Amino acid sequence: MSKPMMSAEDIEEETRLRETLAGIKHVIIVLSGKGGVGKSTVSSNLAISLSKEGYQVGIMDLDITGPNIPKMFHVEDSKLLVENERLIPVMYPPSLKIMSMAFLLPDKDSAIMWRGPVKMGAVRQFLEDVNWGTLDYLVIDMPPGTGDEALSIVQLIPKADGAVIVTTPQDVAILDSRKSVTFALQTHIPVIGIIENMSGFVCPHCGEVTEIFRSGGGQAAADDMGVQFLGKVPIEPAVAQAGDDGLPIVEAAPDCASAKAFREIVLKIVRTVENEQAYLEAQRSKFEEKKE
């Protein structure tokens, strides 16, 4: 059966999408199986770390109903400009562009009550109607789970470089993170690796690490599913304070354990992305073996 003819509007949308993606070298999708694991904290610190490494970076906040990336950078009161019928992302030094539904709401307390198709349309507009320019990396901060927004992204960007899965050490979080790994592999998006967030509490007075939520679950899940373990990020009071102050921990306290962990993780991500094809093929083989 032949495909239906595309309308002029559909052709224009596809053209804008291709133009946008042509200017973006690498796309990293940050996923979590459940909420409350610190995914947005991870996304914001990864993005600013890449920017500080000298890359041109964008961060797309796709948590449509709960956008909080602007708060992480203290730009929640910013308004978007329009140029040549495209939205201009908010800039954050040294070279980070930020796009979020939060910039489009009338006030901070406004609730978004959209069904799936409307949210999927918004995801597409975040790509088509935003002037991202030329980027080395686009970091996409997803809402928890594997619903409409995640499906939209893998359809719109089938050649994404990979997904970063964020979990905490508890069994319930590990269980859901494994589903995110399976989702990525089944949609042919390579998994760059798993990050175990909130992995031990670092005492601000003596520096001793206490495993409040235990530790090692992320490593075990990565080993079992045949994906890379990117590292552990500990809990520190400074991380929460930095987030509330609108300054990612890698900037607020660059010498703390969490900031050092994020920088090491970013270096692993960059190395992995540069060798993505070989890594992807190895993942596919392992996943097919597990299905059998």
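Which residues does Ile 59 touch, not counting residues up to four places away in sequence? I'll start there, with the reminder that this is a predicted model.

Ile 59 lies in strand β2, residues 57-61. Its contacts are Ser 43, Ser 44, Ala 47, Ile 69, Leu 96, Lys 97, Ile 98, Met 99, Trp 132, Leu 138 and Val 139. Buried or exposed, then, is Ile 59? The relative accessible area of Ile 59 is 0%, and the cut-off for buried is under 20%, so Ile 59 counts as buried. One distance for orientation: from the C-alpha atom of Ile 59 to that of Val 37, 22 residues apart along the chain, is 19 Å.

Next, the strands. Strand β1, residues 24-32, is mostly covered, with eight of its nine residues buried. β1 pairs with strand β7, residues 135-141, in the parallel sense, over six bridges. In that pairing Ile 29 stands opposite Ile 140 of β7. β1 also runs parallel to strand β8, residues 162-167, and five bridges join them. There, Ser 32 is opposite Val 166 of β8.

Further along, strand β11 covers residues 229-235. Five of its seven residues are buried, so β11 is largely enclosed by the rest of the structure. β11 and strand β9, residues 191-202, are paired in the parallel sense over five bridges. Glu 196 stands opposite Lys 232 in β11.

Now the helices. How do the axes of α2, residues 39-52, and α10, residues 257-274, cross? They come within 10 Å, at a crossing angle of roughly 70 degrees. An angle of 65 to 115 degrees counts as roughly perpendicular, so that is the description for α2 and α10. On the α2 side the contact is made by Thr 41, Val 42, Asn 45, Leu 46, Ser 49 and Leu 50. α10 contributes Phe 262, Ile 265, Val 266, Ile 269 and Val 270. By type, the residues of this contact are eight nonpolar, three polar and no charged.

Last, helix α8, residues 237-245. Val 239, Ala 242 and Gly 243 are buried in this helix. Viewed down the axis of α8, the buried residues fall within an arc of 100 degrees, so they line one face of the helix. What do they pack against? The partners are α2, α3 (69-72), α9 (249-252) and α10. Just after α8, Gly 246 has a positive phi of about 75 degrees.

That is where I will stop.

Notes:
Residues numbered from 1 in each chain as written. Predicted model: local features only at pLDDT ≥ 70, side-chain atom pairs only at ≥ 80, totals over all residues. Heavy atoms only, no water. Axes fitted to C-alpha atoms, helices over the stretch in contact; angles between N-to-C directions. Helix = DSSP H or I, 4+ residues; strand = E, 2+ residues; numbered from the N terminus. Parallel < 35°, antiparallel > 145°, perpendicular 65-115°, else oblique. Contact = heavy atoms within 4.5 Å. Nonpolar A, V, L, I, M, F, W, Y, C, P; charged D, E, K, R; others polar. Buried < 20%, exposed > 50% of the residue type's maximum accessible area, 1.4 Å probe, protein only. Arc of directions from axis to C-beta. Pairing = 2+ DSSP bridges.
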